[in-house]
Amino acid sequence: MKQYSSKRSIQILAHLLKEYEIFDVVISPGSRNAPLAVHFSETDELNCYSIVDERSAAFVGMGMAKSLKKPVVITCTSGSASANYYPAITEAFYQNTPLLILTADRPVDFVDIFDGQTIRQKDLYQQHSYGDFQLLEDSEENAEDENFSLIKKAIELCFEKQGPVHINIPLEEPLYKLVSEIPNFPPVEKTIQKKSEEFSPNLAAEWNTSKRIMILVGTRDYSDELEMQLSQLVKNHSVVVLKEVNSNLKHDKFFAHIDRYIFNFEEKDFKTYAPDLLITIGQNVVSKKIKQFLRKAKPKNHWHVDQFWHPDTFFSLTEKIKMAPEKFFAKLLKFITLEPSSYYNLWDVLRDKKDLKHTEYCAGTSYSDFKFFEILADKLPQNINLHISNSSAIRYAQLFDFQRNKVYCNRGTSGIDGSTSTAMGFAMKSATPTVLVTGDLSFFYDINGLWNNYIPPYTRIIVFNNGGGDIFKIIPGPDSTNALDEFILTKHHKTAELLAKHFGFGYSKVEDEDTLSRVLDNFFKPDAKAKILEVDTSMIENAAVLKGYFEFLKT
């Protein structure tokens, strides 16, 4: 016999989740949220996952939501547990990833009287959420009707904004009073608001009078429609399309390796290669160099096309176009003329020169982080979900071709803290294999991302271990201080071997180029359990290899 929570607020919650087809719930253990855990786990339509560490659990939920492209619920007990959600909530906020956050709480009167596991949870995530709601306790007047309305509003806001929405739930004791039957609740009239999208003909006129048009695509999911539209724009060399590894676009006429081409731009180059019309799509851009270039180039017009965000990243924003890029270009293409542009040819000549230098340098490099990414780009199977951690990992990936795969990286806040957990959450809800490529500090920081009983056996993790945060040897500044080794890059001698064993992963390690190539040939083949490959480059001067690469491009 099933046993449900007697709490009416929890019964309403489960009912509305089903009504809006939100079926996946990540639960972290605790007592105050026991009514949610009991009730949700007994509800047939809901898929419940137990993840102990709340910081990891929130990133797991975010990864699931990215994979499903729909809201996922995360729920935890009261107190500091809810604070541990915050890193993932900030990431989901800036990535527009829908998370419905349900935090159980002590009764309102218990806040700030030094009762156990009680903090100020109401509006806890207000700076980085799209909505903050607090339910009434069941004993309060009109609680059932009010809570029904609040939960409905919160869920619809999560869909509309495609981002985190918080419901705080004060719960009186007893927490474990159960019932075998629950009432029938009324059907829901869904009132999710659709965005109004208007296209101004003035934009087409501005396009047609622009001679140097650049489209820069930042972080975004793959879109077949957008890829076809941009391909049409570059077909006869009308525009320059710059993309990054996690822009998830592929076409021979797109410029895929921004830093390779503009690394050594000087003042004179800013004017030579500057656009007069810049159109940006997507979210965070990885390349710091393109930000520096465009801020100094000061394009006459800058349009940003997005449903949610319109940041003035390059200090030149003139149009906030509040539309999905696919809808915008579908309208734009009806009104514009596509003429060959000498601006494209200018960039194409630069690309040919730098691509030759890239090939030449790669031929002369030996085993290192740089060589690892070169080999990985060649060996990685097609059509997998490739998750890349932040810091040096995503920067190396920018230099090589991963266009055969869909690429993801937590570029909302660009932190290393939840890369593993996000990738594992994504893997849990995807029938396509997921591969995580991560640096050592990111991997060790998020160890509890492996404390997860739902990771599919076809999941693969590759850790390139250079013995610390090698990025701080690459960027200018940190190597001028005495604090570098211990307090900035954080040298260490840890390996992933015992962690792999502890969490039930297969494990292998490589320390040279020949072994790396040979192991990668078999690493992606099916196995009974998920696997970790550790690429040890800790004895290599990796920063010198990468700096040498950019110096070589200058010649």
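Residues are numbered from 1 along each chain as its sequence is written, and side-chain values use heavy atoms, with hydrogens and water left out. Because the model is predicted, local features need pLDDT of at least 70 and side-chain atom pairs count only at pLDDT 80 or more, while totals for chains, interfaces and linings use all residues.

Side chains of opposite charge can pair when their charged atoms come close. A search of the whole structure finds 18 salt bridges (a side-chain nitrogen of Lys or Arg within 4 Å of a carboxyl oxygen of Asp or Glu). One of them joins Arg260 and Asp355, with 2.8 Å between the closest N and O atoms. Arg260 belongs to helix 9 (residues 258-262) and Asp355 to helix 13 (residues 342-364), so this pair ties together parts that are 95 residues apart in sequence. Helices (H or I, at least four residues) and strands (E, at least two) are DSSP runs, numbered from the N terminus. Arg260 is buried, at 5% relative accessible area, whereas Asp355 is partly exposed, at 24%. Here buried means under 20% relative accessible area, exposed over 50%, and partly exposed in between (1.4 Å probe, protein chains only).

Lys379 and Asp521 also form a salt bridge, their closest N and O atoms being 2.8 Å apart. Lys379 is in helix 14 (residues 369-379) and Asp521 in helix 21 (residues 513-523), so the pair ties together parts that are 142 residues apart in sequence. Lys379 is partly exposed, with a relative accessibility of 25%, and Asp521 is partly exposed at 44%. A further salt bridge, with an N to O distance of 3.8 Å, links the side chains of Asp527 and Lys531. In this pair Asp527 is partly exposed at 40% relative accessibility, while Lys531 is buried at 14%.

Lys161, Lys195, Lys320 and Lys322 form a positive surface patch. Patches are made of residues with over 30% relative accessible area and no salt bridge, like charges being joined within 9 Å and nonpolar side chains (Val, Leu, Ile, Met, Phe, Trp, Tyr) within 5 Å. Lys322 is located in the loop between strand 13 (319-321) and helix 12 (325-332), and is exposed at 52% relative accessibility.

Ser67, a residue of helix 3 (residues 54-68), is buried at 18% relative accessibility. The Ser67 side chain reaches the backbone oxygen of Lys429 at 3.4 Å.

Methods:
Areas by Shrake-Rupley, 256 points an atom, 1.4 Å probe, with all protein chains shown as cover. Lys, Arg positive; Asp, Glu negative; His and termini not counted. Charge placed at Lys NZ, Arg CZ, Asp CG, Glu CD. Polar contact = N/O pair within 3.5 Å; in protein donor to acceptor, adjacent residues only side chain to side chain.
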